[in-house]
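Thanks for coming, everyone. Please have the viewer open, and follow along as I go.

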Amino acid sequence: MYSVAIEREPEFAGIERIDLGTRRFSPGNCSFEGIVGQSRGMRKVFKTIERVADSDSTIVISGETGTGKGMVARAIHNRSYRRNKPFVQINCGAIPENLLESELFGHEKGAFTGATAAKKGKFEVADGGTIFLDEIGDMNLDLQVKLLRVLEECQFERVGSCSTINVDVRIIVATHRDLEAAVAEGRFRQDLYYRLFVIPIVLPPLRERQDDVHLLASHFIDEIRREKRSPIEGFSREALERLSRHDWPGNVRELKNMVERLVVLNDGPKIEVSDLPPSILSCSGNAANLPPLEISDEGICLSTAVNEYEKALITQSLEKSKWVKKKAAELLHVKRTTLVEKIKRHQLQPAT
């Protein structure tokens, strides 16, 4: 297990910073409402939660799948004055379109085939508290209109009813999609987009929080070994170093699932490099796969070398962003149009 020192930072109320190095690490010391992290990106998220929790402003949490958007939404609720009222979560992408309206707003008896009794929707259940709409980008345009009315008037009708219901609900939404692009493509209403984006919170992917990989791995080890009553004590230093080189496309969820698998399948006392799955062992790390920078006795063509280096960097950024050009451009700190031109010039295409 890693050792750490705890150092308070006044500007982050209730947050403890942990420096790897001198004292024994206790995972509970680096958590904020159950969210483990000490990286700059996560401390910024924690500070934002502290500032916005007691407001009723609508919040949009964006980030890749597995980054912990649901945990952030619950942390906001737990820090708010609504903490003793319901926290209701619904995944808009996991419910069929023809049933989502009923789930959100409820229905009356006989409103449709199978509606044998009246039912409250999630908004009614969440009255006085917080409703968390996950994967809001998957909601169809008709429902977006009704959600906009709730945001503006705090009113809606159950399916099959003409009676208006008033609610007092704090709305938090989350998505892994690019809503701005969805608006441009006509898949998301522009008026709803601007109404939702009062306070945006962007969760960094795990590959950008390498400082947190060791902390998360140790936290999950402690959590899972208590649950499974496992003799595993932790990771060896070499195994932890291998974990930090992985890109974690599944983010924190991928790391947690991998740790659980290792705890269940190993007898301990420590998880070694040889115990890690092939996906971790085959990882070449976060360093770019770039051509060697070495000048031979015959010299080197500067123009060609620069061109190849640029091509390698663009290829890596596209692979990291799964060929989402907007994200790849952000990684390279260039405009999307500039990146598109360079992709065409280098004739780059995604692997089939």
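Let's begin with a term. A residue is called buried when its relative accessible area is under 20%. Exposed means over 50%, and partly exposed is in between. One more point before we use that: this model is predicted.

Now try the term out. Find L276. It sits in the loop between β13 (270-271) and α11 (278-281). Is L276 buried or exposed? Its relative accessibility is 4%, so L276 counts as buried. Now look at M258. It is 18 residues from L276 along the chain. The C-alpha atoms of L276 and M258 are separated by 8.8 Å.

Next, the sheet. Which strands form it, and in what order? There are 5 strands, and the order is β6-β7-β10-β5-β11. The sheet is open, and the pairing is parallel. Who stands at the edges? β6 (87-91) and β11 do. Each has a single partner strand, so one side of each is left without a neighbour in the sheet. From one strand to the next, the twist averages 20°.

Zoom in on β10, residues 170-175. This strand is mostly covered: 6 of its 6 residues are buried. Its residues point two ways. R170, I172 and A174 go one way. I171, V173 and T175 go the other. All of them are buried, on either side.

Now check the partners of β10. On one hand there is β5, joined to β10 by 4 bridges. Those two strands run parallel. Look for I61: its bridge partner in β10 is A174. V60 stands opposite V173 of β10. On the other hand there is β7, residues 130-134. Here, too, 4 bridges make the link to β10, and the strands run parallel. F132 has I172 as its bridge partner in β10.

On to the aromatic rings. How many aromatic pairs does a search of the whole structure find? It finds 7. Let me show you two of them.

Take F123 and F156. Their pair is tilted, with 6.1 Å centre to centre and 50° between the planes. F123 lies in helix α4 (residues 122-125), and F156 lies in strand β8 (residues 155-157). The two parts are 33 residues apart in sequence, so the pair ties them together. Both F123 and F156 are buried.

Compare Y193 and Y194. Their ring centres are 5.3 Å apart and their planes are at 75°, so this pair is edge-to-face. Now bring back our opening term. Y193 has 13% relative accessibility, so it counts as buried. Y194 has 56%, so it counts as exposed.

Back to F123 and F156 for a moment. Together with F105, they form one aromatic cluster.

Last stop: the empty space. Rolling a probe the size of a water molecule over the atoms shows where empty space is left. How much space lies in the largest pocket? About 850 Å³. The pocket is lined by 29 residues, and the closest to its centre are S62, G63, V202, K327 and E330.

Which elements supply the lining? Those giving at least two residues each are α1 (40-52), β5 (59-62), α6 (179-184), β11 (199-202) and α13 (325-332).

Conventions. Residues numbered from 1 in each chain as written. Predicted model: local features only at pLDDT ≥ 70, side-chain atom pairs only at ≥ 80, totals over all residues. Heavy atoms only, no water. 1 Å grid on protein atoms, 1.4 Å probe; cavity = no way out; pocket = protein on both sides within 12 Å on 5 of 7 lines; lining within 4 Å. Points joined across faces, edges and corners; volume = space filled by probe spheres on them. Phe/Tyr/Trp six-rings, centres within 6.5 Å; stacked < 30°, edge-to-face > 60°. Buried < 20%, exposed > 50% of the residue type's maximum accessible area, 1.4 Å probe, protein only. Pairing = 2+ DSSP bridges. Axes fitted to C-alpha atoms, helices over the stretch in contact; angles between N-to-C directions.
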